[in-house]
Amino acid sequence: MYIARACFHNGILQYRLLCFQQLNNNLILWNNRSGRSNNYCKSAAQNMSTLRNLIKPPEAVRGMTVLDKSKFDTPVTVPFLNIKDVKISDVIPFMKKYCLKMQHIKPLQSLVKEPHDNKHTGLLLNPGIINIWTDIDNCDRDALQKLSITEADLSTTNITIKYENFLANDVFKAVLPSENEGFSSFSQVGHILHLNLREHLFPYKNLIANVLLDKIPNTRTVINKIDIIDNTYRNFKNEVLCGDHNMMVKIKENRCEFEFDFSKIYWNPRLSTEHERIVKLLNPNDVLFDVFAGVGPFSIPAAKKKCVVFANDLNPDSYKWLNHNSKANKIDPQYLKTFNKDGRDFIISDLKLNLINYINKHNVNIVMNLPALAVEFLSAFCDLYDADEISEIVNPPIVHVYCFAKGENYEQIAKDLVFKNIGFDINDKIINIFKVRTVSSFKEMMRVSFKLDRDILVSSISNKRKQDESILDDEISSKRCCHINKEDGNEASMISVPEENYNV
Ligand SMILES: C[S@@+](CC[C@H](N)C(=O)[O-])C[C@H]1O[C@@H](n2cnc3c(N)ncnc32)[C@H](O)[C@@H]1O
């Protein structure tokens, strides 16, 4: 039976003639009589997506909530190239681009195609690419012919695609209700896969977890976030959906090892590039104050670089693992001092005391990564010193403060949050306003980097600040579209793994 299929190619609506046959209940993915030219070439990604559209799990799995792998058996007919007595190494180099590529399927097969027939050795080909002999490029056909492989050697064969052969995403597309947003993302922290399932997926949570456990390499535990991240220590409450309950994680980031109990501390693998960006700014002998250090993703690599680091975190578990990671990475204690206090106390005591020794002589950076609240700690820098306590500042410390900006003009929102909390307009001190990552639609994680100069640190200018404050209050409140509230601390919507990292 020939039917016409409409499809878009290069933005042009085209009709393709397809020949479908139903044979032994197998869908024949063969005989696409498109008459396209031999050098019709698609990218590997396009080929994969064509293949995945052609070979899907049966419709019967739709709505499955308990994983039954046998229901995924899908009989298909695919092109088969008989390669007779030819050495496979002579054929593979130029034919591998046409081969059927699915998980756990070897394209080279020895098949008995008909009862009482001999075994045929040949290649399973991708029905999304090869339908007729002339779908093989001219030069490749010539090469085949030199090996005595001709059009007569191209036929079809029936195979059964099983659960093991489908990618997780193929399974989810087939099982989950098509009318709602599907499942596409998760975070991976060591052996733990961390999901943040939306409510409509709750009935499928065990199936989703089991598929991920089967399909995502190095996974031993799958957990789902069950609460918003509104607690002080920014760690999540989770339920273990499947796998072992061990929450101890060991991972590598920025050439350092980190070990921690994921159920007790904050760790976000999506911040690794940001950690790296900041660490790259630092040179040996620079000084870093890490006000909300966690288990040390800024501090440990910086100290390893021989920067002098003062790292603080309020969470006793973060503090414990910060110290553990310092030892595990053989950090010389002269480069890393750790503190377990509230960020404000740390600024007004330890930072104040130590900054005075390093200012002007070293480059000093202050990193404040607690995006839901960090801007509120900026006021701790204001009037930190009396005028006679600190000399001229020729090389001011740089503060990198993170915040969430919700709204369209996120740079302005981030800047306003900083001005508001410092108490006056510091436009002249801003070095950079940087979008770290998109948390969800209209919510960005931002970094504002600015010079912490005498205007801010020394009380003698506080009068100027007070004068400015009344003007700023009006300006900022009219400009600001939104500001941080408790819900902004919810990283629920943050879970959107860069899909390219994970083949779900
Ligand atoms: C978003 S995490 C950042 C951790 C780490 N710097 C990173 O980049 O992954 C914020 C950290 O701030 C800590 N924290 C929360 N409130 C704090 C406070 N008032 N004072 C100091 N640390 C605090 C939390 O325990 C958590 O480790």
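In this predicted model, asparagine 360 counts as partly exposed, because 15 C-beta neighbours lie inside 10 Å, a count between the limits of 12 or fewer for exposed and 20 or more for buried residues. Asparagine 360 is found in the loop between helix H9 and strand S18, the latter spanning residues 364-368. The phi angle of asparagine 360 is near 75 degrees, a positive value in a residue other than glycine. Most residues other than glycine have a negative phi.

A positive phi is also found at asparagine 285, where the angle is near 85 degrees. Asparagine 285 is placed in the loop between H6 and strand S15, which covers residues 287-290. With 13 C-beta neighbours inside 10 Å, asparagine 285 is likewise classed as partly exposed.

The unreviewed UniProt entry carries a "binding site" annotation covering His275, Asp313, Leu314, Asp342, Gly343 and Asn369. Among these, histidine 275 lies within helix H6, which comprises residues 272-281. Histidine 275 is buried, because 23 other C-beta atoms lie within 10 Å, and the threshold for a buried residue is 20 or more. When neighbours within four places in sequence are left aside, histidine 275 is in contact with Glu253, Asn254, Pro297 and Phe298.

Helix H10 was examined separately. This helix consists of 13 residues, 410-422, and reaches 18 Å from its first C-alpha to its last, close to the 18 Å expected at 1.5 Å a residue. H10 is mostly covered, with 10 of its 13 residues buried. The buried residues include Tyr410, Ile413, Leu417, Val418, Phe419 and Ile422, and Lys415, Asp416 and Lys420 also belong to the buried set. Glycine 423 follows H10 and has a positive phi, near 105 degrees.

At the level of the whole protein chain, 12 helices and 21 strands are present. Of the 504 residues in the chain, 36% are buried. Among contacts in the protein chain with a separation of 6 or more, 70% are accounted for by residues 24 or more positions apart.

Technical notes:
Residues are numbered from 1 along each chain as its sequence is written. This is a predicted model: local features need pLDDT of at least 70, side-chain atom pairs count only at pLDDT 80 or more; totals for chains, interfaces and linings use all residues. UniProt positions are given in the numbering used here, feature names are shortened, and annotations may be inferred rather than shown by experiment. Helices (H or I, at least four residues) and strands (E, at least two) are DSSP runs, numbered from the N terminus. Two residues are in contact if their C-beta atoms, placed from the backbone, lie within 7 Å. The expected span of a helix is 1.5 Å times one less than its number of residues.
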